[in-house]
Amino acid sequence: ENNTILIHVGKSGGSTFKKAIIERDKKLPFSIIHIRSAVFRKKFQYIIIIRGPISRAISAFYWRYKLVVQTEEQRNRFPGEYDVLKKYHSLNNIAENLYDDKGNKNSLVISEINKIHHLRENIYYYLGNFMKSCPPENIICVLTQENLEEDMLKYFNIKNASKEKYNPK
């Protein structure tokens, strides 16, 4: 129907952006890639929405912690996720265990991180291979969560969009 695809990197403001577009247009004028790797196709134009990796990881951890441990709404959605989140309680605790006293990677902690939804699907998961083959002329714009209101105004003339807040992080 159209040749535009939104690559919505999880925990980057994509839901807020989609809601703003629907409020204005009553429908989405693009297809969406979310929670899967993007594959470049020559006939398509792309909108990418991203977020800084550190703030994205913090948001992802605490969003999953809320859904899996605190409310238990998604306790059994992904095997092992509940146990890892319950074990560490914070992203800081994970970070402090990533390396041993000699600076060696802790492979157990790395494998445990990969049990947490949205941390397992990192930015490279979404964009790594895609960016190797997509020429700049096929990218309409890149929106950033950190500047979402300004980016939506600049590229889509959407003003004062209501932000969806899933968690305080």
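1. Helix crossing. Helix α1 passes helix α7 in a right-handed crossing; a crossing counts as right-handed if the near helix is turned clockwise from the far one by less than a right angle, and as left-handed if anticlockwise. The contact is made by Thr16, Phe17, Ala20, Ile21 and Arg24 of α1 and by Leu148, Met152 and Phe156 of α7, where contact means heavy atoms within 4.5 Å. The axes of α1 (residues 14-25) and α7 (residues 148-156) come within 11 Å and cross at roughly 40 degrees. That angle makes α1 oblique to α7; angles under 35 degrees count as roughly parallel, over 145 as roughly antiparallel, 65 to 115 as roughly perpendicular, and the rest as oblique. Axes are lines fitted to C-alpha atoms, for helices over the stretch in contact, and angles run from 0 to 180 degrees between N-to-C directions.

2. Basis of the model. This is a predicted model, in which local features need pLDDT of at least 70 and side-chain atom pairs count only at pLDDT 80 or more, while totals for chains, interfaces and linings use all residues. Residues are numbered from 1 along each chain as its sequence is written, and side-chain values use heavy atoms, with hydrogens and water left out.

3. Overall composition. The protein chain has 7 helices and 4 strands, in the order β-α-β-β-α-α-α-α-α-β-α from the N terminus on. Helices (H or I, at least four residues) and strands (E, at least two) are DSSP runs, numbered from the N terminus. Along the principal axes, the C-alpha atoms fill a box of roughly 50 × 35 × 25 Å. Of the 169 residues in the protein chain, 42% are buried; buried means under 20% relative accessible area, exposed over 50%, and partly exposed in between (1.4 Å probe, protein chains only). Among contacts between residues at least 6 apart in sequence, 72% join residues at least 24 apart.

4. The sheet. The 4 strands form an open sheet in the order β2-β1-β3-β4, with parallel pairing; two strands pair if DSSP finds at least two bridges between them. The edge strands are β2 (31-34) and β4, each pairing on one side only. On average, neighbouring strands of this sheet are turned by 20 degrees against each other, direction ignored.

5. Bridges of β3. Strand β3 (residues 45-50) pairs with strand β1 (residues 4-8) in the parallel sense over 5 bridges, and Ile5 stands opposite Tyr46 in β3. Strand β3 is also joined by 5 bridges to strand β4 (residues 139-144), again in parallel. In β4, the bridge partner of Ile47 is Cys141, and that of Ile48 is Val142.

6. Helices on the sheet. Helix α1 lies across β1, β2, β3 and β4, running at about 145 degrees to β1. Helix α7 packs on the sheet and touches β3 and β4, its direction making about 155 degrees with that of β4.

7. Thr144. This residue is found in strand β4 and is buried, with a relative accessible area of 19%. Not counting residues up to four places away in sequence, Thr144 touches Ile50 and Asp151.

8. Arg36. The residue lies in the loop between β2 and β3 and is partly exposed, at a relative accessible area of 44%. A polar atom of the Arg36 side chain lies 3.3 Å from the backbone oxygen of Ile32. Leaving aside neighbours within four places in sequence, Arg36 is in contact with Tyr125 and Tyr126. The C-alpha atoms of Arg36 and Ile7 are separated by 9.2 Å, with the two residues 29 apart along the chain.

9. Thr71. Thr71 is found in the loop between α2 (53-70) and α3 (81-88). With a relative accessible area of 37%, Thr71 is partly exposed. A polar atom of its side chain lies 3.4 Å from the backbone oxygen of Leu67.

10. Positive phi values. Most residues other than glycine have a negative phi. His118 has a phi near 80 degrees, a positive value in a residue other than glycine. His118 lies in the loop between α5 (107-113) and α6 (123-133) and is buried, with a relative accessible area of 7%. Asn157 has a positive phi of about 55 degrees although it is not a glycine. Asn157 lies in the segment after α7 and is exposed, with a relative accessible area of 61%.

Note on methods:
Polar contact = N/O pair within 3.5 Å; in protein donor to acceptor, adjacent residues only side chain to side chain.
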